[in-house]
Amino acid sequence: MSSQFKAILLFLSIAAVERSVLSESHEKQLVDRLFKNYNPMVRPVEDPNERLNVSIDMFLESLKEVNQKDSTITISGWLGMMWKDYYLSWNPADYGNLTFILSPSEKIWRPDVAFNSV
């Protein structure tokens, strides 16, 4: 390997490590700021009189049972929910163009969802 190629490889490696460290730093700063006073019990709206739109999608995984005698069916699946959390918003330019973070669902506000048999 030529010394010039080794120098370029070393430079690229250092740049990649530096970018990774900066990215982790931006993410840590953002998470620290977002969750410093965050309360998952508070509905995430700027104005308490404001409605919060929650989109809900149900994804059917399987049909478990059809009981014609009782006129029932048993299914399994999962829900997808999406809403805008006013308190978890940020300007990506302030955090190294970070546009999303991952967080355990227990740490954020979640809507109450109830099912009724139909």
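A pocket, in this predicted model, is an open set of grid points where a 1.4 Å probe fits, with protein on both sides within 12 Å along at least five of seven lines.

**Close-up 1. Here's the largest pocket, with about 380 Å³ of space in it.** Its lining is made up of 14 residues. Sort the lining by class and you get ten nonpolar residues, plus two polar and two charged ones.

**Close-up 2. Lysine 28 and aspartate 32 join up in a salt bridge.** Side chains of opposite charge can pair when their charged atoms come close. In this pair, the N to O distance is 2.8 Å. Searching the whole structure turns up one salt bridge. Both partners sit in helix α1, which covers residues 3-35. They're four residues apart there, or about one turn of the helix. How exposed is each partner? Lysine 28 has a relative accessible area of 52%, and because that is over 50%, it counts as exposed.

**Close-up 3. Now we zoom in on leucine 60, a residue of strand β1.** That strand runs over residues 55-67. Leucine 60 is exposed, with a relative accessible area of 56%. Which residues does leucine 60 touch, if you skip its neighbours within four places in sequence? Its contacts are Ile75, Ser76 and Gly77. Tryptophan 78 is 18 residues away from leucine 60 in sequence, yet their C-alpha atoms are 6.8 Å apart in space.

Conventions:
Residues are numbered from 1 along each chain as its sequence is written. This is a predicted model: local features need pLDDT of at least 70, side-chain atom pairs count only at pLDDT 80 or more; totals for chains, interfaces and linings use all residues. Side-chain values use heavy atoms; hydrogens and water are left out. A salt bridge is a side-chain nitrogen of Lys or Arg within 4 Å of a carboxyl oxygen of Asp or Glu. Helices (H or I, at least four residues) and strands (E, at least two) are DSSP runs, numbered from the N terminus. Buried means under 20% relative accessible area, exposed over 50%, partly exposed in between (1.4 Å probe, protein chains only). On a 1 Å grid over the protein atoms alone, a cavity is a set of points where a 1.4 Å probe fits but cannot get out, and a pocket is an open set with protein on both sides within 12 Å along at least five of seven lines; lining residues have an atom within 4 Å of a point. Grid points are joined across faces, edges and corners, and a volume is the space filled by probe spheres set on the points. Ala, Val, Leu, Ile, Met, Phe, Trp, Tyr, Cys and Pro count as nonpolar, Asp, Glu, Lys and Arg as charged, and the others, Gly among them, as polar. Contact means heavy atoms within 4.5 Å.
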